[in-house]
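Okay, everyone, thanks for coming.

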Amino acid sequence: MGQGRRMKKQGIPPPLDESLVTRKRKYAPAAPVEEQEKKRRTGAKAPKKAPAVKPANGSGTKSRSKLSKIVALPQPSDNEISSDEKSDEDDVDDPDVMEDELDGVNDEFAESGSDIVDSDTEVRKAGMWSDDEDEDDIEEKLTAANIEGLSRKLDMQRAIEEAEAQAEMEEAAMQTNIAGDKPEVLDDEDEDGRPITNLAAQDLQLLRTRLSDTIRVLDDFKNVAEEGRSRAEYRARMLKDICAYYGYSEYLADKLMDLFTPKEAFAFFEANETPRPVVIRTNTLRTHRRELAQSLINRGVQLEPIGKWSKVGLQIFESNVPLGATPEYLAGHYILQAASSFLPVMALSPQENERVLDMAAAPGGKTTHIAALMKNTGCIFANDSNKQRAKGLIGNIHRLGVKNTIVCNYSALEFPKVIGGFDRILLDAPCSGTGVIAKDASVKTNKTEVDFMKLPHLQKQLILAAIDSVDHASKTGGYIVYSTCSVTVEENEQVVQYALNKRPNVKLVETGLAFGKEGFTRFMGKIFHPSMRLTRRYYPHTYNVDGFFVAKLKKIGPTPPNAIGANGVANANGKQASDKQSEEAIDKTPIVEGGQQDSDFGGWDEEEDQKYMERAERAQLRRKGKNPKTMFGKVKESQNGAEKSSEKKN
C-alpha cells in the first residue's frame with residue numbers, strides 16, 4: 001500500500017471559481033430559523049476539518065473532489081499536521097466521522113445562503129463583473145408585464161446621465177475661460193506691463209494668444225466683447241497682430257481679411273505658412289499611373305493617388321531620390337506640377353482633333369496636359385510673351401513626347417489679328433499670386449495698390465482678346481477658360497463680370513469640376529451676375545491646394561461691332577463712341593478702277609512711294625558719275641512743258 005495523500009503537504013489552494021456559486025443570497029430560499037440553529041449546533045460538533053486521505057473504496061474521493069471545487073480550505077502548517085497525525089489516523093477509517101465532517105461543511109454553505117453545487121451538473125456561468133450581474137438580473141426580471149416600466153426607467157437613467165455630463169462640461173468651460181470670459185485684447189501690453197512686439201520669441205507667443213482671443217471675441221461679439229468696445233476696434237487689432245505675426249503688409253492683409261470670416265481668415269494665413277504637398281502628373285502619352293507608381297515605389301518613393309477627382313495625379317510624401325533626376329522623369333513619364341494646375345485643363349476638357357490655344361503657356365505643364373487629353377491629335381498653339389520662359393516650354397514639350405504643339409512668341413493681345421478661329425482657349429492670366437504665398441513669401445510685402453490696378457486692367461484686355469479669338473460656330477467647342485492663382489475679387493469675379501458686360505455674346509457655364517467653392521455674387525457692396533456662382537474658388541486651408549480661381553465661358557455668337565461699354569452703361573458721349581466704333585469697322589482699303597485691287601495689300605500709296613523712288617534714282621545717278629540735280633531739272637522741265645501743252649489743248 002503506497003503513501004497516503006495525508007502525508008503530503010498541501011500546495012497553494014486553487015482560486016475560487018465564481019461560476020460554482022449559483023445565486024445571490026437574496027434569491028436563496030429562506031430557511032426556517034429552527035433548522036439554521038440546528039445546523040449550527042451540528043456544525044459545532046465537528047470542529048475538525050476534512051482530512052485529505054484517500055479511502056480504499058473511492059467514495060470519499062468523489063466527495064472530497066466536490067468540496068475542493070467549491071471552496072479552498074485553509075492549509076494547515078507542518079506543526080499542525082505532525083500533532084494531529086495520530087488523531088487523524090484514528091478517524092480516517094470511521095465512516096461516521098467522515099459523514100459528520102461533510103455535514104459540517106454543508107452547514108457552513110447553508111448558513112451563508114448558498115447551495116452545494118455538484119461539478120458534474122451544468123450550471124449557468126454567472127457574470128464576473130457587477131455590470132454583467134445587473135444585466136443578468138434585468139434579463140431575468142424582464143417580462144411582458146414590466147417591459148414598459150423598465151424601458152421608462154432606462155430612459156430616465158439616460159436623461160440623468162446626460163444632464164450630469166452637460167453640467168460637467170459647463171463647469172469645465174467656466175474653469176478654462178471658454179464661456180463667459182471677456183478677454184482684454186485691446187491693450188498693447190502684457191500682464192507685466194511690457195509692450196508686445198514681434199521682436200522676441202516670447203512676444204510672438206503672446207501675440208498668437210492675443211490673436212486667438214481676438215478671433216474668439218469676433219466670432220461671439222455679443223456675449224464676449226468688452227463693454228464700450230466696437231467691432232471695428234477688434235478687427236483693427238486682429239489686422240495689426242496678423243501683420244506683426246505673419247509679416248504681411250497692412251494693405252494686403254486687409255484685402256485678404258475681407259474675403260473670409262475671422263476664424264477662416266486665421267486658417268488661411270496659417271495655411272500659407274506651410275508648403276503644399278509635392279504632386280506629380282503622370283504623362284499618359286508614355287505610361288500609366290499604376291506603372292509609374294510601381295516604378296517609383298521600387299526606388300523608395302512613398303506616394304499615393306492625389307484623390308478621386310484626378311486620374312493622373314500622385315502625391316509624394318517622402319523620396320530617397322531627387323524627383324527631378326529619376327530615369328522616369330528624364331524619360332518623360334511624369335512632370336512636377338501643382339495639383340491646382342490640373343483644374344483649368346480639366347475644366348477646358350479639350351477633345352481630340354480640335355484647335356486649341358494656350359495664351360500663357362510657359363513652363364508647359366498645362367500645355368502638355370492638354371496634349372495628353374487630346375492624345376497628340378489636333379493642333380495646340382502654345383504662346384508665351386516671354387522668350388526666355390518659352391525655352392523651358394520647348395524643353396518640356398520635347399521631353400514629354402508632345403507632337404501636336406506649335407510654340408509661338410506673341411503678345412497675347414495680338415492673337416485676334418495674328419490668328420483666330422480656335423475651338424477652345426485656355427487663359428491662365430498673369431496675376432498677383434496671392435494664392436501661392438506658400439511658394440513665394442515675397443508676395444506678402446511687394447504687392448501694393450498699384451499692382452491691383454494694373455493687373456486687372458491687363459487681365460480684362462486678355463480675356464476680351466481670348467473671346468474674340470474663339471470660333472463661336474465650332475461644332476465641339478467655343479469655350480474659354482479663365483483662371484488665376486489669386487484669391488482677390490478684383491482679379492477674378494470683376495474681370496469675368498467685365499467680360500460679360502463688354503461681350504454680350506458669351507455666358508458662364510458649369511466648369512465640370514467635382515469640388516470647389518462657388519464664386520461671389522455679392523462682395524463689399526458690389527453685385528455680380530447670378531451666374532457667377534458657376535465659377536469655382538479654391539483655398540489652401542480648405543482643400544490643401546494653392547489658391548485658385550476657375551471660370552468657364554461659352555461664346556454663343558459673333559462679337560457685335562457696337563458692343564456695350566463696361567458695366568453695361570453707355571458713355572456720356574454715346575454718339576462719339578458709336579461713331580468711333582463704326583469708323584473702326586469700316587474697311588479703308590483703297591478701291592481701284594474696275595473694282596479690282598492691285599495686290600493683296602490694298603494697292604500702293606503713290607505720294608509716299610514717290611519719295612523713296614526719287615531717292616533711289618539719285619543714288620543710282622551718283623554711282624554712274626552724273627549730277628542728279630541736272631538730270632532731275634530736265635525731267636521737271638519736260639514734265640512742266642507737257643502739262644502746259646495739255647492745258648492749251650483743253
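**The annotated site and its surroundings**

So, an unreviewed UniProt entry lists A360, A361, A362, P363, G364, G365, K366, D384 and D428 under "binding site". These positions are spread over 69 residues of sequence, yet they cluster in space, with a largest C-alpha distance of 13.1 Å. A word of caution on that record: UniProt positions are given in the numbering used here, feature names are shortened, and annotations may be inferred rather than shown by experiment.

Some housekeeping. This is a predicted model, where local features need pLDDT of at least 70 and side-chain atom pairs count only at pLDDT 80 or more, while totals for chains, interfaces and linings use all residues. Residues are numbered from 1 along each chain as its sequence is written, and side-chain values use heavy atoms, with hydrogens and water left out.

Let's take two residues from that list. G364 sits in the loop between β5 (355-358) and α16 (365-374). When I say helix or strand, I mean DSSP runs numbered from the N terminus: H or I with at least four residues for helices, E with at least two for strands. K366 is in helix α16 itself.

Are they buried or exposed? G364 is buried, at a relative accessible area of 0%, and K366 also counts as buried, at 13% relative accessibility. Buried here means under 20% relative accessible area, exposed means over 50%, and partly exposed is in between, using a 1.4 Å probe and protein chains only.

What does K366 touch? Leaving aside neighbours within four places in sequence, K366 is in contact with Q337, S341, P344, V345, D358, L426 and D428. Contact means heavy atoms within 4.5 Å.

For the record, two strands pair if DSSP finds at least two bridges between them.

There's another sheet to look at. This one is open, with four strands in the order β2-β3-β1-β4 and antiparallel pairing. β2 (302-305) and β4 (334-336) stand at the edges with a single partner strand each, so one side of each has no neighbour in the sheet. Strand β1 (residues 278-282) pairs with β4 over three bridges, with R281 opposite I335.

Beyond its neighbours within four places in sequence, A338 is in contact with K439 and D546.

Last stop, D546, in the loop between α22 (540-543) and β15 (548-555). D546 is buried, at 5% relative accessible area. Its side chain makes a polar contact of 3.1 Å with the side chain of K439. A polar contact is a pair of N or O atoms within 3.5 Å; within protein, one must be able to donate a hydrogen and the other to accept it, and residues adjacent in sequence count only if both atoms are side-chain atoms.
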